Amino acid sequence: QVIKCKAAVLWEANKPFSIEEVEVAPPKEHEVRVKIVATGICRSDDHVMTGALVMPFPIILGHEAAGVVESVGQGVTAVKPGDKVIPLFVPQCGECQNCLNTKGNLCSKTDLGTSGGLMADGTTRFTCKGKAIHHFLGTSTFTEYTVLHESAVAKIDSAAPLEKVCLIGCGFSTGYGAALQTAKVEPGSTCAVFGLGGVGLSVIIGCKVAGASRIIAVDINSDKFAKAKELGATDCINPKDFNKPIHEVLTEMTGGGVDYSFEVIGRTETMTAALACCQYNYGVSVIVGVPPAAQKITFDPMLLFTGRSWKGSVFGGWKSKDVVPKLVADYMKKKFVLDPLITHTLPFTKINEGFDLLRTGK
């Protein structure tokens, strides 16, 4: 059966979402149709709106969510109707080079970089006003119903509160994993976190769980400092308060640079500053924020020659299907909190107001 439901369609760049009635086709072989119960708003969605992340239009955005399986296509064995699930924008097919390697997590079936906006068979499951609508990152969660490949669905604890654990679909896992899985922060180490949105705060949670002795939070919006401290930051600094480059400030504060730094904004200048502020011989800097399209970085190679490591991290370096259910279980056991990351809860029809709140740093 085709389902008619509401979705937030983005017809073109730099325009608000339009709440439309869309038709959602039934799942094909190895696909799952999911009723979305809760979805988070992420800066990566906004990057598509502004053109910083290039995707085909019209499109249904959204990639951080939780829902309930409505129906499954032929051959699906991992989930059944009624199961609670989290969509995975980094799928786990279990067969590609990255899935088979213990160090890899960026499944080759992901729609990152290819930006096709279509299901594996080259078609879409969404129609609106007779037009085909593109999928986003294989998830498209800004809709009441969506269709996903079975490799892009993780079954979770049936008791989990979907309006909280939806954050494990992107923001929380991305930040928490950047600290624990990608950087492998050690007890007693010093860390600097650039950018205190939901992902940056999740990096702080990860650094604290890892036992970091000092966690320095960096943001040009000082309103974000109270929450950063609540979640484990030991120091908060605003680059606007200094008349010298922020990497110099951090190097002085720590007597030679931090052990681990994280760029959680997606700006080339802060990526270079984060690299420069980590210890010159054994510091590790991780890029977590989505880099802007068509921008290049120029930096002094001596920064790396002396021994620093520069790494990237997508979805916290976690193998999604394996780890998402475990993270939900850890949340249920109160190993970390998610509530402080949720600032507002809005009805779906107010999605544009939600993005306004994101853009104003609220």
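Predicted model: local features only at pLDDT ≥ 70, side-chain atom pairs only at ≥ 80, totals over all residues.
**Domains**

I began with how the chain is divided. Domain 1 takes in 3–171 + 317–360, and domain 2 takes in 183–312. I took the distance between the two domain centres over C-alpha atoms and got 28 Å. I then looked up the contacts and found twelve residues of domain 1 touching 13 residues of domain 2. The area buried between domain 1 and domain 2 is about 900 Å², and 65% of this area is on carbon and sulfur atoms. I also asked which three residues supply more than any other three of the area that domain 1 buries against domain 2. They are G171, P340 and L341, with 47%.

I read its order as 12-11-10-13-14-15, and the pairing is parallel. Neighbouring strands here are turned against each other by 15° on average, direction ignored.

I looked at one pair in detail. Strand 10 (residues 190–194) runs parallel to strand 11 (residues 214–218), and five bridges join them. C191 stands opposite I215 of strand 11.

I then checked what helix 8 (residues 268–277) lies across, and noted strand 10, strand 13 (260–263), strand 14 (284–287) and strand 15. Helix 8 runs at about 175° to strand 13.

**Helix 1**

Is helix 1 (residues 43–50) largely enclosed or left open? I counted six of its eight residues as buried, so helix 1 is largely enclosed by the rest of the structure. The buried ones are S44, D45, D46, H47, V48 and M49. Helix 11 (351–359) is included in what covers them. After helix 1 comes G51, and I noted a positive phi for G51, near 90°.

**Cysteines**

Last, I looked for disulfides and found zero. C93 is in none, and its nearest cysteine sulfur, in C107, lies 3.7 Å away. C93 is buried, at a relative accessible area of 17%.

The cut-off I used for a disulfide is 2.5 Å between the sulfur atoms. C207 is buried as well, with a relative accessible area of 0%.

Notes
Residues numbered from 1 in each chain as written. Heavy atoms only, no water. Buried < 20%, exposed > 50% of the residue type's maximum accessible area, 1.4 Å probe, protein only. Helix = DSSP H or I, 4+ residues; strand = E, 2+ residues; numbered from the N terminus. Contact = heavy atoms within 4.5 Å. Pairing = 2+ DSSP bridges. Axes fitted to C-alpha atoms, helices over the stretch in contact; angles between N-to-C directions. Domains from an automatic or database assignment. Buried area = accessible area lost by both parts, 1.4 Å probe.
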